[in-house]
Amino acid sequence: MELNSEIKDYWEGEAKVYSRGIQEELDGPQCEAWKALIRDYVPRSGSLKILDAGCGPGFFPVILGEEGHEVTGIDITENMISCAEENVKARGQHAVLQTMDCQDLQFPDNTFDMVISRNITWTLGDPQKAYREWKRVLKPGGRLLVFDACWYLYLYDEELGKRYRDNEARINEKYGRNVHAHANPQKGDELSRQLFMSDKVRPLWDLEYLMSLGFARVFAEPNIIDKVWDEKGKELNKLTPAFMVGAEK
């Protein structure tokens, strides 16, 4: 199976699990924490036209809609878009939600004030193409915000791998679950070994690539875990801290 099709097929099966996860976030303190973090980086005041690239089950379309923005959410998986539609409607919000490959956008140049993504770039077969596309659809002065983590770097770093497995065993004993909830964890591990980003040290790699694309400004926060996770989330994700990397066109 061609890699992009394999990625799509895998995430179709993960939609319900991830939807339950974002519903918990929307009901918890993370919701307001994410709003506050993003608010610090929006390119200007007022309602913005925002693309959520790889929107999954709709976390950003909900919270950005609540902030008064006009949100378009895209995802390559039909099941994720179906879950996003349900979650956006359940929270009384509106967003344009479409099935679309975020590496091959069907939007004109200079369309959006902001492009945002969370936990998507690591899943992509060609994240370099995605970054080029996201820059293309940004308006001049528009801003890109990417949130992600080095989820599978432990597969390529022996010491980190040992610490990760020890932590996974402790989490399993304490909570009766793995660090990361997947419907098919074995398939996820197999697929991750094929992905471009899995062995990259980030956000350094992202900063260097975004600079090579000619963005006017690039910036990063290498660890936002204290800003967006509750105590349990910090415990689960301490070896894979979330980062933010951004750029201005």
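Residues are numbered from 1 along each chain as its sequence is written, and side-chain values use heavy atoms, with hydrogens and water left out. Because the model is predicted, local features need pLDDT of at least 70 and side-chain atom pairs count only at pLDDT 80 or more, whereas totals for chains, interfaces and linings use all residues.

An unreviewed UniProt entry lists residues 51-146 as "domain: Methyltransferase type". UniProt positions are given in the numbering used here, feature names are shortened, and annotations may be inferred rather than shown by experiment. Over residues 51-146 the chain is 33% helix and 30% strand. Helices (H or I, at least four residues) and strands (E, at least two) are DSSP runs, numbered from the N terminus.

A disulfide is a pair of cysteine sulfur atoms within 2.5 Å. By this rule there are zero disulfides. For Cys31, the closest cysteine sulfur is in Cys55, 16 Å away and too far for a bond. The closest cysteine sulfur to Cys102 is also in Cys55. That distance is 9.8 Å, again too far for a bond. Cys31 is buried, at 6% relative accessibility. Cys102 is buried as well, at 6%. Here, buried means under 20% relative accessible area, exposed over 50%, and partly exposed in between (1.4 Å probe, protein chains only).

Helix H6 spans residues 127-137. Its buried residues are Pro127, Ala130, Tyr131, Glu133, Trp134, Lys135 and Val137. They pack (contact means heavy atoms within 4.5 Å) against strands E1 (49-53), E4 (112-118), E5 (138-148) and E7 (243-248), and against helix H9 (204-212).

The structure holds 22 salt bridges. Each is a side-chain nitrogen of Lys or Arg within 4 Å of a carboxyl oxygen of Asp or Glu. In one of them, Lys35 meets Glu32 at 3.3 Å, N to O. Both residues lie in helix H3 (residues 30-39), three residues apart, about one turn of the helix. Lys35 is buried, at 8%, while Glu32 is partly exposed, at 47%.

Glu235 takes part in a salt bridge with Arg170, with the closest N and O atoms 2.9 Å apart. This pair links distant parts of the chain: Arg170 is in helix H7 (residues 158-175) and Glu235 in helix H11 (residues 231-237), 65 residues apart. Arg170 is partly exposed, at 33%, but Glu235 is buried, at 16%. Lys174 also forms a salt bridge with Glu235, at 3.0 Å. Lys174 lies in H7, 61 residues from Glu235. Elsewhere, salt bridges link Lys8, Glu12 and Glu78 in a network.
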